[in-house]
Amino acid sequence: MFGLQVDCGLLLEPLGFIKVLEWIFSIFVFSTCGSFHGETTLLVSCRGVVNKTVTAVFAYPFRLNTVQFSAPDSSRCGGTWTDIYLVGNFSSSAQFFVTLAALAFLYCTAALVVYIGYKHVYQHNSKFPLTDLAVTIVTTFLWLVSTSAWAKALADIKISTGAGIIPLIDSCRAPETTCHFGSVTSMRSLNVSVVFGLLNMVLWGGNIWFVYKDTNLHSQLIRGSQVPGTYSAQRI
């Protein structure tokens, strides 16, 4: 009863096909967000320095308050240049988002193994479909929360690494010192990660119905709706 019975044709059924999409999209989430590296640059002119590029390198998990700009020169603009850090710590939102993607990936891997290789066990043990339903509902909610939090954090990251940081830098207001914004790494991949987060939420939410149909809750509802002794009239 518990032997392995592989049937790859189940991947073409809605439940199996959506699980594959969830598995793939979870990979896209933690690859686009978790592997990001970027930098923001300023052009600084001060005593003995003209248009020197200073750089702050940042990456996942986006603890920007620990990221420091490089000094314009060894004399630090004649002593007027102090240590400058970016503003904000967005690690909680980023790590929540990526961790959920990693856990979803692992769950989908296990679910696909059970669904493809042990479908007979899945169907005969009511606990498996009910557990799958509960996990699917909770994960849908977590995708909604984590994607919303990450989208807000990403908007703040763009502000904290953009041209608006110059008025906040005390060293740029020192005598004989001017600062101009240089550039910041494109965050297109981070924008894509938010899109995949929304797609994951839609996929997991849509999959609730297909998982529910495999539970005994659905079969009991069907049986309860059938009224014995009712016959349809036939015209002769």
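## Disulfides and helix packing in a predicted model

Numbered in sequence order, the bonded cysteines of the protein chain pair 1-2, 3-4. The coordinates are those of a predicted model. The count comes to two disulfides. A disulfide is a covalent bond between the sulfur atoms of two cysteines.

### Overall make-up

The protein chain holds seven helices and three strands. Read from the N terminus, its elements follow the order α-β-β-α-α-α-α-β-α-α. The protein chain has 236 residues, and 38% of them count as buried. Its accessible surface is about 12900 Å². Carbon and sulfur atoms account for 65% of that surface. Contacts across the sequence are also on record for the protein chain: taking pairs of residues at least 6 apart, 74% of the contacts join residues at least 24 apart.

| Disulfide | S to S distance |
|---|---|
| Cys46 and Cys77 | 1.9 Å |
| Cys172 and Cys179 | 2.0 Å |

Take Cys46 and Cys77 to begin with. Their link is left-handed, with -70° about the S-S bond. This pair ties together distant parts of the chain. Cys46 belongs to strand S1 (residues 37-46), while Cys77 lies in helix H2 (residues 76-79). The two cysteines are 31 residues apart. Both Cys46 and Cys77 are buried.

Now the other pair. The bond between Cys172 and Cys179 is left-handed too, with -90° about its S-S bond. Are Cys172 and Cys179 buried or exposed? Cys172 has a relative accessible area of 11%, so it is buried. Cys179 stands at 10% relative accessibility and therefore counts as buried. The cut-off behind both calls is under 20% relative accessible area.

### Helix H1 against helix H3

How do H1 and H3 pack? Helix H1 spans residues 14-34, and helix H3 spans residues 91-117. Their axes lie 8 Å apart, at an angle of about 150°. Angles over 145 degrees count as roughly antiparallel, so H1 and H3 are roughly antiparallel to each other. Their crossing is left-handed.

Ser26 is found in helix H1. Why does Ser26 count as buried? Its relative accessible area is 0%, so Ser26 is buried. Setting aside neighbours within four places in sequence, Ser26 is in contact with Ala101, Ala104, Phe105 and Asn200.

Methods: Residues are numbered from 1 along each chain as its sequence is written. This is a predicted model: local features need pLDDT of at least 70, side-chain atom pairs count only at pLDDT 80 or more; totals for chains, interfaces and linings use all residues. Side-chain values use heavy atoms; hydrogens and water are left out. A disulfide is a pair of cysteine sulfur atoms within 2.5 Å. Helices (H or I, at least four residues) and strands (E, at least two) are DSSP runs, numbered from the N terminus. Buried means under 20% relative accessible area, exposed over 50%, partly exposed in between (1.4 Å probe, protein chains only). Contact means heavy atoms within 4.5 Å. Accessible areas come from the Shrake-Rupley method with a 1.4 Å probe; for residues, only the protein chains shown count as cover. Axes are lines fitted to C-alpha atoms, for helices over the stretch in contact, and angles run from 0 to 180 degrees between N-to-C directions. Angles under 35 degrees count as roughly parallel, over 145 as roughly antiparallel, 65 to 115 as roughly perpendicular and the rest as oblique. A crossing is left-handed if the near helix is turned anticlockwise from the far one by less than a right angle, and right-handed if clockwise.
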